[in-house]
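Biologist: Hi! Could you walk me through this one? I'm new to it.
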Amino acid sequence: MFRIPLFPIGAVLFPSALLPLHIFEPRYRRLVARCLEFDRRFGIVFHDPDRHGPFLFEEGRVGTVAEIEEFQVLPDGRSLISTRGAERFRIVDGIESDEPFYEGLVETFEDRSPGAGIVDRRIRSIELFHGVTETLPTPPERLPEFDPARETSFRLAALIQIDPTWQQTLIQLRSEEKRLDRVDLILQAAIDGGAAAEPI
């Protein structure tokens, strides 16, 4: 287990994905300043106050460690940062401290070992993604590259514009095969013309 600052926000950060953030609240300015002093890492936790009410450190909530890659301070003290998702974590407990931001005691949330056919399974999802891009009115000039030898579900999911509640259910799954099944449903719906989401 480890201790980490927490940033509740109405967005989901997938492992390996990029998430730009505009930091303006004083408590999160302090959070970023502390991260820059130490290891540049904090936890992103999906939280919609309109749906969930106050943030209460619910035990078992799954989030993603964000690593600050770029930092730009603005003249009035606000800042723009670019973060990249690292490992997932699960909240064990909240921590009371003198800091104005949230902190939590968390544990790493790892996948179960994939099955023997995982590479072929990833290839099927990648081919389905390419099938979606062929249906777009203006196909992208450059497609992302995928390595079927590496985790693929999060990379595909990050390219889908969809409600963050769906994204949160995805990062809570510990089976890549199950995540790929859910991603495939969205991709197939896009090909069939009935999707509420489409790849970027």
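Biologist: Which residues of α3 meet α6?
Modeller: In this predicted model, Ile-118, Arg-121, Arg-122, Ser-125, Leu-128, Phe-129, Gly-131 and Val-132 of α3 are in contact (heavy atoms within 4.5 Å) with α6 residues including Leu-180, Asp-184, Leu-187 and Ile-191. Local features need pLDDT of at least 70, side-chain atom pairs count only at pLDDT 80 or more, and totals for chains, interfaces and linings use all residues. Residues are numbered from 1 along each chain as its sequence is written, and side-chain values use heavy atoms, leaving out hydrogens and water.

Biologist: And what angle do α3 and α6 pack at?
Modeller: About 20 degrees, with the axes of α3 (residues 118–135) and α6 (residues 176–192) 9 Å apart. That makes the two helices roughly parallel, a label for angles under 35 degrees.

Biologist: Is their crossing left-handed or right-handed?
Modeller: The crossing of α3 and α6 is left-handed, meaning that the near helix is turned anticlockwise from the far one by less than a right angle.

Biologist: New topic: how many aromatic pairs are there?
Modeller: There are seven, counting rings of Phe, Tyr and Trp (its six-membered ring) with centres within 6.5 Å. Take Phe-57 and Tyr-102: their ring centres are 5.5 Å apart and their planes are at 75 degrees, so this pair is edge-to-face, the term for planes over 60 degrees apart.

Biologist: Where do Phe-57 and Tyr-102 lie?
Modeller: Phe-57 is in the loop between α2 (49–52) and β4 (62–73), and Tyr-102 is in strand β6 (residues 102–108), so the pair ties together parts 45 residues apart in sequence.

Biologist: Which residues form an aromatic cluster?
Modeller: Phe-7, Tyr-28 and Phe-42 form one.

Key:
Axes are lines fitted to C-alpha atoms, for helices over the stretch in contact, and angles run from 0 to 180 degrees between N-to-C directions. Helices (H or I, at least four residues) and strands (E, at least two) are DSSP runs, numbered from the N terminus. Angles under 35 degrees count as roughly parallel, over 145 as roughly antiparallel, 65 to 115 as roughly perpendicular and the rest as oblique. Rings of Phe, Tyr and Trp (its six-membered ring) pair if their centres lie within 6.5 Å; planes under 30 degrees apart count as stacked, over 60 as edge-to-face and the rest as tilted.
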